[in-house]
Amino acid sequence: MSLFAAVEMAPRDPILGLNEQFNADTNPAKVNLGVGVYYDENGKLPLLRCVAEAEAQMQAAPKARGYLPIDGIAAYDQAVQGLVFGADSAAVREARVATVQALGGTGGLKIGADFLKRLSPDAQVLISDPSWENHRALFTNAGFKVSTYPYYDAEQRGIHVAGMLATLQAAAPGTIVVLHACCHNPTGYDLSAEQWAQVVEVVKARGLVAFLDMAYQGFGEGIAEDGAVVQQFLAAGLDFFVSTSFSKSFSLYGERVGALSVVCVSPEEAKRVLSQLKIVIRTNYSNPPTHGAQVVAMVLSTPALRAMWEEELAGMRLRIREMRQALVAELKAAGVSQDLSFVTRQKGMFSYSGLNAAQMQRLRSEFGIYGVDSGRICVAALNGKNLKAVAAAMAAVIA
Ligand code: PLP
């Protein structure tokens with residue numbers, strides 16, 4: 001009898017399953033809008049010039065790879081703090097923020113979740129309905145009971161703000177609330193500054209623990225604009241968590257570059273928190289890898305490379321925006337009469353298209369256009385070559 005005889009087959013990741021189906025499709029006109037990555041106008045994953053330039057400089061003076069400190073490269077952690085909290089943030093100046101390098105945004109979330117489990121083992125976690133698939137799994141696997149707060153309002157094509165606030169209002173003190181800082185995945189709908197202010201107020205009044213997931217800083221309105229919610233939490237004097245991912249904003253998916261920052265009330269508290277975060281890291285993977293974080297630290301702290309990155313990031317952001325506008329225009333031209341302005345109100349890589357599961361399945365089987373059954377499509381996978389075909393197919397299944 002094998003040790004593994006009773007091991008059950010785990011369910012397939014639905015998005016990976018979609019990719020496999022896409023790869024097996026022989027339709028030459030097939031388009032994959034199920035992905036969660038940014039493709040350029042040529043349908044290619046970009047290698048940013050700022051990254052190539054930083055790598056060239058690093059290769060010109062190659063260095064041995066010793067172990068990094070448990071919390072990662074100090075210059076990287078510092079650069080993350082500057083980006084997330086602002087170069088002149090009082091919290092950073094006062095050394096009240098504990099930041100550690102992490103394995104992508106997922107790694108940042110996981111370090112935070114494990115630390116929170118030790119701190120508040122009985123706390124509940126609230127995630128948005130719907131949310132990025134891995135939020136529920138990650139916090140559940142960290143040992144938490146995970147529930148949702150209302151978010152997507154299908155009828156209004158927007159956010160169910162009243163429902164969200166009511167759920168937060170009813171949550172027990174200490175409840176951990178996972179919030180998408182910008183470019184909500186999967187819906188694309190973000191709260192306005194006024195709505196964020198209401199969320200901050202409830203979090204403060206109810207003694208909730210905010211965990212901001214910032215996986216798309218710079219993909220919505222701009223670097224500072226997308227980080228504005230962090231300023232609102234800082235201004236409210238709250239202690240809170242922020243996970244950072246550079247997977248999208250640097251197109252460095254495979255390098256696993258991210259971070260976790262915890263805002264504390266004093267430098268002394270931040271030191272104690274940092275010491276605990278380091279234990280979580282040490283007992284999981286000891287210390288993080290060097291390459292990706294070195295690239296990001298170099299780009300963020302070298303003025304010429306930083307300017308190049310900001311320009312390239314703006315290029316990605318604007319291309320996504322153009323694709324949103326072009327999709328709406330093409331759908332109109334293809335005879336869709338319903339109001340589609342919501343597509344251009346959404347932010348970031350994704351759009352909840354409003355199509356139902358049956359329509360998404362028809363898109364796949366009849367037209368070779370692959371999106372998620374929830375109606376989510378990746379706008380960043382649209383380009384001048386596939387746009388007309390995608391719009392025509394969408395128009396056909398909407399009609
Ligand atoms: N959080 C959200 C909302 C995401 O959409 C993603 C990636 O798709 C992540 C976190 C994870 O980012 P990373 O790939 O850097 O782990």
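**View 1. Burial and overall dimensions of the chain.** In this predicted model, 46% of the 399 residues of the chain count as buried. The secondary structure comprises 16 helices and 13 strands. The radius of gyration is 21 Å, close to the 21 Å given by the globule rule for 399 residues, so the chain is as compact as a globular protein of that length. The C-alpha trace extends over about 60 × 60 × 55 Å along its principal axes. Of the contacts between residues at least 6 apart in sequence, 75% link residues at least 24 apart.

**View 2. The largest nonpolar core.** This core contains 119 residues. Val 177, Ala 210, Leu 212, Val 296, Val 299 and Met 349 have the most contacts inside it. Helix 13 (residues 303-333) supplies the largest share of the core, eight residues.

**View 3. Surroundings of Val 299.** Apart from neighbours within four places in sequence, Val 299 is in contact with Cys 50, Val 51 and Ala 54, and also with Leu 305, Arg 306 and Trp 309.

View 4. Helix 2 (residues 49-60) has 12 residues, and the distance from its first C-alpha to its last is 16 Å, close to the 16 Å expected at 1.5 Å a residue. Cys 50, Val 51 and Ala 54 are buried in this helix. These residues lie on the same side of helix 2 because they cover an arc of only 100° around the axis. Their cover includes helix 12 (291-301) and helix 13. On the face turned away from the buried side, helix 2 carries the exposed residues Ala 52, Ala 56, Gln 59 and Ala 60.

Methods
Residues numbered from 1 in each chain as written. Predicted model: local features only at pLDDT ≥ 70, side-chain atom pairs only at ≥ 80, totals over all residues. Core = buried A, V, L, I, M, F, W, Y, C linked by C-beta atoms within 7 Å. Buried ≥ 20, exposed ≤ 12 C-beta atoms within 10 Å, placed from the backbone. Helix = DSSP H or I, 4+ residues; strand = E, 2+ residues; numbered from the N terminus. Contact = placed C-beta atoms within 7 Å. Expected span 1.5 Å × (residues − 1). Arc of directions from axis to C-beta. Rg over C-alpha atoms; globule rule 2.2 N^0.38 Å.
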